[in-house]
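The following report concerns a single protein structure. Please consult the sequence and the model while reading.

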Amino acid sequence: MPQGWQGALPFRYHLGGVGSVKVHLVSQQDYQRRMIWDVIGKIKGTEYPDDWVVAGNHRDAWVYGAVDPSSGTAAMLESVHGVGALLKEGWRPKRTMIFCSWDAEEEGLIGSTEWVEQHAQMLERAVAYFNVDVAVSGPDFSASAVPSLKQFLRELTRSVPSPLGGTVYQQWKLKEAGNRQSRRAPTVATPEGEVPVGDLGSGSDFTPFLQHVGVPSTDIGSGGPYGVYHSTFDDFAWFTLNADPKFVYLQEMARVFGWNRCAWRMPTCCPTIT
């Protein structure tokens, strides 16, 4: 092997020719049926109770899942904490708020898909679905959305402070400027002077909302080098050493996810969630 390909096992690595090495692979699969659980919280709207704004994150992981999905779970629960504080002060949303902790996302988006199928008729009047999954694997904020919500994401990040100073939007824009200088041009259409917001495809719990019943959706995250994805190394030790040692980006994501709640009072934004 070239030296750069040498691994950590105590022998010299080699590249073999065709047919020089035989490997016997045994794959053991567990096909048992088990119960899954979605946990749903609901706050009824005062003026438009049938207009739902839904926010969700899955909590099941391949192994430990410190980043995927527990960083998203932590961010969502903290934003729920902020909404709870507002409720104690007498604040009420105009639209109905629904918080969802999905099960079995890693098994084919099962938890969110089953819930969407069960509530498809009510979701015909849904305003939006906000998703967070891999919330923090590093310091670089990014977002994806349907076209109708892209500018909404840009505007709300202008109101959230960044751990690096200024606002999330300002740091997001600085990072994107660096990407352009390194010839990594945006792959999506972007208004002049604005940051690019990605286009949603699939791969997380926004999929049934957007692709099955047509609810406008977004997905947010704060990224970085994440070589432990879906492995046993995605644990608390890796997270605190690499992703977010001081938990400042988890706070940022909780604030962004909390400010998504502006949709519950659009066009007038909700009070700041601290």
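Phe141 has Ser222 of strand β7 as its bridge partner. The model is predicted: local features require pLDDT of at least 70 and side-chain atom pairs count only at pLDDT 80 or more, while totals for chains, interfaces and linings use all residues. Residues are numbered from 1 along each chain as its sequence is written, and side-chain values use heavy atoms, with hydrogens and water left out.

Strands β5 (residues 140-145) and β7 (residues 217-223) are joined by six bridges in the antiparallel sense; strands are DSSP runs (E, at least two residues) and helices likewise (H or I, at least four), numbered from the N terminus. Two strands count as paired if DSSP finds at least two bridges between them. Helix α3 (residues 147-157) packs on the sheet and touches β4 (128-136), β5, β6 and β7, a contact being heavy atoms within 4.5 Å. The direction of α3 makes about 150 degrees with that of β5 (axes are lines fitted to C-alpha atoms, for helices over the stretch in contact; angles run from 0 to 180 degrees between N-to-C directions).

The sheet is open, with seven strands in the order β1-β3-β2-β4-β7-β5-β6 and mixed pairing. Because β1 and β6 (198-199) stand at the edges with a single partner strand each, one side of each has no neighbour in the sheet.

Thr96 belongs to strand β3. Its relative accessible area is 0%, so Thr96 is buried (under 20%; exposed is over 50%, partly exposed in between, with a 1.4 Å probe and protein chains only). The table gives two reaches of its side chain.

| Side chain | Backbone atom reached | Distance |
|---|---|---|
| Thr96 | nitrogen of Gly45 | 3.0 Å |
| Thr96 | oxygen of Pro49 | 2.6 Å |

Technical notes. Polar contact = N/O pair within 3.5 Å; in protein donor to acceptor, adjacent residues only side chain to side chain.
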